[in-house]
Amino acid sequence: MPFSPRHRQRPAPPVMLAVVLLASLLACGALAPCAVWAQTGAAADARRPAEVAQVLFGIISYVRWPVARQEVRVCMLGAPRYGASIVDTPASSLGQRIRVKLPAMASAASECDVVYMGSLPEGEREHLLAQIIGKPILSVAEPGTSCAVGTMFCLRLTEAQIGFDVNLDAIARSGLRVHPNALQIARRKGPPP
């Protein structure tokens, strides 16, 4: 086929090439941090359940009951977001045997040494706390749930770490002894956002 001037492609003007190239570079540069952040966020989300379990069992290791326990019974109540990781942890934490249970709400005061509270309707949470306040039962609220008056430890999540807040009044009324190191850890709020 002979060459026809009507079918010849015109070269793009240099300004147009520069704009396309600059837009491509900006798009790649702008999207790369987002992709890295998404991967980092996903990895952090995958680690969160194990980290929550580690913090919970760390708190338990700092607590002493008025009567020594052969086995610490951890009861998960409500709808815990991180419950599967707590159930899957080893049967001991720093020398203490731990057994995780899923009891009925009504039997928490008689069957539990530790109450780990997931998401609960406010009325049920108040009823549960009314059963256990003043008894040697450690109460821990899961991150992202409301931290009701009477809960001893309230776990909190930040981007970088998992921490907790402490209710000294609730601990004092329970008869439990909490090592001062746990209280020092609670004072550390982590880096500012």
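R73 is partly exposed in this predicted model, its relative accessible area being 23%. The residue sits in strand β2 (residues 71–77), and R73 takes part in a salt bridge with D113, where the closest N and O atoms are 3.1 Å apart. D113, for its part, belongs to the loop between α3 (108–111) and β5 (114–117), so that the pair, whose members are 40 residues apart, links distant parts of the chain. Buried or exposed, which term applies to D113? With a relative accessibility of 1%, D113 counts as buried, because the limit for that term is under 20% relative accessible area.

A further salt bridge joins K101 to E111, again with 3.1 Å given for the closest N and O atoms. Because K101 lies in strand β4 (residues 96–101) and E111 in helix α3, this pair ties together parts that are 10 residues apart in sequence. K101 is buried, with a relative accessible area of 16%, whereas E111 is partly exposed at 27%.

R156 and D165 form another salt bridge, for which the closest N and O atoms are 3.1 Å apart. Here R156 counts as buried at 17% relative accessibility, while D165, with a relative accessible area of 28%, is partly exposed.

Salt bridges also link R47, R48 and E51 into a network. How many salt bridges does the count come to? If a side-chain nitrogen of Lys or Arg within 4 Å of a carboxyl oxygen of Asp or Glu is taken as the criterion, the count comes to eight salt bridges.

Terms used
Residues are numbered from 1 along each chain as its sequence is written. This is a predicted model: local features need pLDDT of at least 70, side-chain atom pairs count only at pLDDT 80 or more; totals for chains, interfaces and linings use all residues. Side-chain values use heavy atoms; hydrogens and water are left out. Helices (H or I, at least four residues) and strands (E, at least two) are DSSP runs, numbered from the N terminus. Buried means under 20% relative accessible area, exposed over 50%, partly exposed in between (1.4 Å probe, protein chains only).
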